[in-house]
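These are my notebook entries on one structure.

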Amino acid sequence: MTESLNRIRAFLADREPPTPCLVVDTDLVAERAAAVSAAFPGALIRYAVKANPAPEVLDAVASTGAGFDVAGTAEIELCLSRGARPAELAYGNTIKKPADIAFAYARGVREFTTDSAGDLANLAEHAPGSLVSVRLLTGGPDSVTPFGHKFGCEPAVAAALLRQAVEAGLRPGIAFHVGSQQPDPAAWEIGIATAAKVAAEAGVVLERLNIGGGFATEHREPVPSLTDYAAAIHAALREHLPEPELLLEPGRVIVADAGLIRTEVVLVTTRAAADERRWVYLDVGRYNGMAECENEAVAYRLEPVGVKGPQGPVVLAGPTCDGDDVLYQRTPCALPRSLKAGDRLDIPGTGAYTASYSSVAFNGIEPLRTYCVGRFADAG
Ligand SMILES: *Cc1c(COP(=O)(O)O)cnc(C)c1O
């Protein structure tokens with residue numbers, strides 16, 4: 001990882017791109033994708049494109065033999081344009097129009113996830129014979145950025161959908177997602193145990209178990225390693241459900257550590273005589289890359305570039321005229337007391353869910369620009 005940061009910093013020093021920008025090391029992306037494969041031998045790896053859809057990132061992932069978890073027609077086109085084979089795509093979004101399903105099927109996609117009778121009927125009609133995994137709502141520990149109740153159905157409903165899938169000539173599977181940035185490996189155990197019960201209740205032999213993504217990456221707090229996650233998951237599989245072919249949809253764990261955002265300080269000021277904290281306004285905020293600062297969910301590390309000396313507490317905010325564009329006011333943040341407008345900050349660990357979450361032109365600010373370094377950088 002040091003090597004990767006060196007490559008990124010050398011690029012920034014050499015090219016001095018305008019800030020804010022995200023620099024992604026594609027070598028580390030490939031390394032992480034390979035590490036997921038190594039931790040789950042024999043499993044199908046489908047990188048969740050929404051985490052970071054940069055073409056160079058997709059190429060780095062594909063070089064390891066992994067495929068892609070896609071959420072709609074544009075992501076399907078993107079992956080195919082990078083040379084992915086349709087059989088390597090899994091359409092993981094349970095919310096889709098009949099026309100989206102027909103589009104995917106016409107392009108050769110044969111693997112889908114569902115969680116409702118309406119969507120299942122559409123799949124039976126527009127994607128006949130496909131492998132369809134029913135997404136469970138598993139409960140269990142909350143992740144840092146949970147899915148809430150938006151996706152998945154409870155076990156009894158899932159069992160009914162599985163039977164309907166088989167009756168409609170579809171190939172049955174079960175899927176779940178424990179929530180993104182999930183620090184507790186026990187969450188997967190609950191999902192796997194629930195999947196086993198649902199399959200037994202439905203009397204259906206599963207062809208697929210899709211255990212989603214969710215693996216956490218380190219920011220300020222330590223997180224389990226891929227090996228820790230894999231050990232817990234393999235133990236649960238041996239105990240509850242060893243048969244079906246395993247599929248994973250990791251996003252964050254493949255790309256987060258490979259990215260670094262460089263930002264410039266726009267203003268440093270105090271706002272109240274009684275509050276010693278300075279307000280530090282950056283040229284990156286909630287709307288151009290730091291979306292996961294919503295509710296201060298992800299606490300990124302902040303590294304001043306070439307500014308040293310004693311530190312003091314700060315509130316960190318973005319550049320727009322929106323009151324919600326404050327990154328951290330409860331999360332403790334300290335920056336050098338000498339920090340001033342024009343200084344630069346690096347925010348490491350920002351390869352996932354940053355550029356892809358950027359608004360198009362809120363307040364006229366352009367989406368976060370991505371630059372790639374490493375072996376796959378010139379492929380774009
Ligand atoms: C977002 C998403 C993922 C990726 O989750 P990570 O936490 O980034 O690993 C996987 N599968 C589905 C269906 C998703 O929506």
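**Entry 1: the domain interface**

I looked up the buried area between domain 1 and domain 2 and found about 2,200 Å², with carbon and sulfur atoms giving 52% of it. Buried area here is the accessible area (1.4 Å probe) that two parts lose on being put together, summed over both. I note that this is a predicted model, in which local features need pLDDT of at least 70 and side-chain atom pairs count only at pLDDT 80 or more, while totals for chains, interfaces and linings use all residues. Residues are numbered from 1 along each chain as its sequence is written, and side-chain values use heavy atoms, with hydrogens and water left out.

I recorded the division of the chain as domain 1 (27-255) and domain 2 (257-379); the bounds come from an automatic or database domain assignment. To the contact (heavy atoms within 4.5 Å), domain 1 gives 24 residues and domain 2 gives 26. The C-alpha centres of the two domains are 31 Å apart.

I then looked for salt bridges (a side-chain nitrogen of Lys or Arg within 4 Å of a carboxyl oxygen of Asp or Glu) and found three across the interface of domain 1 and domain 2. I also noted the salt bridge of Arg 32 with Asp 257, whose closest N and O atoms are 2.6 Å apart.

**Entry 2: the pockets**

I took a pocket to be an open set of points on a 1 Å grid over the protein atoms alone, with protein on both sides within 12 Å along at least five of seven lines; lining residues have an atom within 4 Å of a point. A volume is the space filled by probe spheres set on the points, which are joined across faces, edges and corners.

Where does the largest pocket lie? Domain 1 and domain 2 both give residues to its lining, so the largest pocket lies between them. I noted about 860 Å³ of space in it. Its lining has 36 residues, with Lys 50, Phe 147, Phe 151, Tyr 353 and Tyr 357 nearest the centre.

The second largest pocket holds about 270 Å³. Of its 17 lining residues, Leu 137, Gly 139, Phe 147, Gly 148 and His 177 are the closest to its centre.

**Entry 3: the cavity**

I searched for cavities (sets of grid points where a 1.4 Å probe fits but cannot get out) and counted one of 30 Å³ or more. The largest cavity has a volume of about 40 Å³. Its lining consists of Met 1, Leu 5, Asp 257, Gly 259, Arg 301, Pro 348 and Gly 349.
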